[in-house]
Amino acid sequence: MKEFDLAIVGAGPAGMSAALEAAGLGLSVLVLDEQPAPGGQIFRGVERAAGDPALAGEYAVAGALLARRFRAMPNIDYRPETTVWHIDAEAGLLSLRGPRGGGMARAARILLATGAQERPVPVPGWTLPGVMSAGAAQIMLKQAGAVPEGRLVLAGQGPLMWLLAAQLARAGKPPALLLETTPRGALRRALARGGLWRGRAMLAKGAALLWEARRSGMKVVSGVRGLRAEGEGRVRRVAWEGGATECGVLLLHEGVIPSTHVSRALGLEHEWDEAQLCWRPVLDGWGASSAPRIAIAGDGGGIGGWQAAVEAGALAALDAAHRAGRLDAAARDRRAAPHRAALGAALALRPFLDALHAPSPAVLAPPEDATLVCRCEEVTAGQVRQAARLGATGPNQVKAYLRAGMGPCQGRMCGATVAALVAETRGIPVREAGVLRPRAPYKPITVGELADLPEEEPA
């Protein structure tokens with residue numbers, strides 16, 4: 001079994017940045033990623049698609065440069081198409097499934113750079129064919145150069161909506177309509193959070209995207225509530241309070257939340273983030289978690305965007321080098337100073353964005369009982385409310401009542417919604433309802449794959 005100074009799970013901006021910093025300091029680095037090429041979600045397929053004019057901007061410039069530097073750096077054992085399905089945090093053991101079958105690796109330090117996931121948007125009709133997330137549409141654009149057919153409607157809020165609208169317009173498929181769910185008065189509350197001057201570059205970029213999307217002919221309806229998808233066999237119409245329109249493809253988005261599946265399965269300490277309305281791991285200024293060997297960098301530790309992820313990855317790598325005896329504390333802190341300054345600048349606008357795009361209570365806890373919330377096990381919001389009235393105190397108890405969270409996604413798509421529904425029904429804060437406790441394997445693995453593990457490396 002090969003041993004490494006640092007094992008990184010995820011090859012997005014945080015993972016690549018950490019690998020570059022650590023390898024540059026002489027550490028042996030293992031990078032494990034499920035995708036076939038580096039980039040993560042934000043820079044997915046960037047080596048192949050950087051020349052696509054629809055994806056111009058940071059994706060084509062910063063993303064491509066980061067991927068090139070990552071590929072060129074020696075001392076990095078990069079393993080694409082590899083799933084980490086179990087981590088023994090105490091021993092530093094990682095159980096893997098890759099193109100050549102199963103295996104294991106050991107590392108003195110493990111960095112989780114697993115990024116974010118889109119917040120579920122369970123509205124009536126969201127399971128109809130033709131309804132998908134904005135992130136999924138962007139993946140299709142980056143990975144296959146594909147755009148949706150039919151009359152395209154975006155619904156939700158957040159920077160990704162405007163970025164995707166601009167990218168689709170460049171690709172020759174401008175959305176017909178954006179149904180913006182940002183509540184009235186949100187801008188006034190967000191302005192009170194400050195940080196606008198320091199985050200002016202990001203504000204300017206956002207304003208340019210708004211202008212580009214609107215110039216494409218996309219209409220915008222603001223203050224949308226009561227969203228629902230309608231149709232027989234597939235989505236044909238989208239309706240909301242006071243309006244409706246024909247629709248061939250509906251893209252939903254209400255922001256992103258940290259991907260905490262692995263960190264929760266490891267039993268790391270987490271806290272409820274009242275600003276971002278999600279759970280996040282408790283980390284120190286270097287990304288170190290409550291487990292001695294485990295660190296977290298990037299959006300998996302709290303939503304900050306790709307620039308913040310790059311700096312957080314570098315900081316985690318510097319700390320790993322210090323723990324490995326390659327840097328003393330003074331040298332580590334000196335090297336960290338520019339990264340901390342850049343991180344502060346990247347996060348300057350975050351309070352404004354969090355306040356402006358906070359999801360409504362109806363997004364967190366769907367008001368209509370018939371709305372499906374657990375797609376794997378076909379559990380409705382009404383069934384979750386009934387379980388809470390019968391005594392379920394949180395999502396783990398609801399799992400026992402209804403199997404919600406026991407399907408292939410293991411609660412990734414329903415856990416947050418189930419917790420919010422329990423909290424609403426019992427009249428308690430979501431943080432008191434708690435969070436699902438997933439277990440290994442983190443991703444499905446077959447009995448045959450377990451049997452194929454070498455005898456000297458038992459799972």
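This is a predicted model: local features need pLDDT of at least 70, side-chain atom pairs count only at pLDDT 80 or more; totals for chains, interfaces and linings use all residues.
Reader: Why is H339 called buried?

Author: Buried means under 20% relative accessible area. H339 has 18%, so it is buried. This residue belongs to helix α10 (residues 329–346).

Reader: Which residues is H339 in contact with, leaving aside its neighbours within four places in sequence?

Author: H339 is in contact with E21, E311, A314, L315 and L318. The cut-off for contact is heavy atoms within 4.5 Å.

Reader: Which other residues of α10 are buried, and what covers them?

Author: Besides H339, the buried residues of α10 are A331, R332, A336, L343 and A346. Their cover includes α1 (13–24), α7 (200–215) and α9 (306–323).

Reader: Why is A358 called partly exposed?

Author: Partly exposed lies between the 20% limit for buried and the 50% limit for exposed. A358 has a relative accessible area of 26%, so it is partly exposed. A358 sits in the loop between α11 (350–356) and α12 (361–364).

Reader: How far apart are A358 and R151, in sequence and in space?

Author: They are separated by 207 residues in sequence and by 28 Å in space, C-alpha to C-alpha.

Reader: Why are β8 and β11 said to stand at the edges of their sheet?

Author: The sheet is open, with 5 strands in the order β8-β15-β9-β10-β11 and parallel pairing. β8 (131–133) and β11 (219–221) each have a single partner strand, so one side of each lacks a neighbour in the sheet. From one strand to the next, the twist averages 20 degrees.

Reader: How do you know that β8 and β15 pair?

Author: Pairing needs at least two bridges between two strands. β8 and β15 (residues 249–254) share 3 bridges in the parallel sense, and the pairing holds. Within it, M132 stands opposite L251 in β15.

Reader: Which helix lies across β9, β10, β11 and β15, and at what angle does it run to β9?

Author: The helix is α5 (residues 159–170), which runs at about 160 degrees to β9 (152–157).

Note on methods. Residues are numbered from 1 along each chain as its sequence is written. Side-chain values use heavy atoms; hydrogens and water are left out. Helices (H or I, at least four residues) and strands (E, at least two) are DSSP runs, numbered from the N terminus. Axes are lines fitted to C-alpha atoms, for helices over the stretch in contact, and angles run from 0 to 180 degrees between N-to-C directions. Buried means under 20% relative accessible area, exposed over 50%, partly exposed in between (1.4 Å probe, protein chains only).
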